[in-house]
Amino acid sequence: MLSGLIFSIGAVGFLVRRNVLVQLMCIELMLNSVNLALVAYNRVHVGNMTGNVFAFFVIAVAAAEAAVGLAIVIAFYRLRSSVQSDEADALRH
């Protein structure tokens, strides 16, 4: 239930905010809520380690997503001097 609430906050934040950095943080919030659900699943099913293994994969994907996302934001900022997602309407400058 808590993870669903956190996921909802992240989803609403991603859809409402236009700052790309804030959107990246909202994605991280959603991924962390998934981790919370996976660890809670593993807590209920004591003999099964599947939840923890998937949580580690989600952490690895989140780290890669943050690295690639921040690189894209830096490149976009160098081109447009802005981090607003509304201004990212063209793929070339």
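Where does S81 lie? S81 lies in the segment after α3 (50-80).

This is a predicted model, in which local features need pLDDT of at least 70, side-chain atom pairs count only at pLDDT 80 or more, and totals for chains, interfaces and linings use all residues. Residues are numbered from 1 along each chain as its sequence is written, and side-chain values use heavy atoms, with hydrogens and water left out.

**View 1. S81, in the segment after α3.** Helices are DSSP runs (H or I, at least four residues), numbered from the N terminus. The phi of S81 is near 55°, a positive value in a residue other than glycine. S81 has a relative accessible area of 55% and is exposed (exposed is over 50%, buried under 20% and partly exposed in between, with a 1.4 Å probe and protein chains only).

**View 2. Y41 in helix α2 (residues 20-44).** Y41 is partly exposed, at 39% relative accessibility. Leaving aside neighbours within four places in sequence, Y41 is in contact with N48 and G51 (contact means heavy atoms within 4.5 Å). Between Y41 and I6 there are 35 residues in sequence and 16 Å in space, C-alpha to C-alpha.

**View 3. A nonpolar surface patch of about 440 Å².** The patch is made by L2, L5, I9, L29 and L36. The elements that give two or more residues to this patch are α1 (2-16) and α2. Helix α1, in which L5 lies, gives the most, with three residues. Patch residues have over 30% relative accessible area and no salt bridge; nonpolar side chains (Val, Leu, Ile, Met, Phe, Trp, Tyr) are joined within 5 Å, and like charges within 9 Å. Accessible areas come from the Shrake-Rupley method with a 1.4 Å probe; for residues, only the protein chains shown count as cover. A salt bridge is a side-chain nitrogen of Lys or Arg within 4 Å of a carboxyl oxygen of Asp or Glu.
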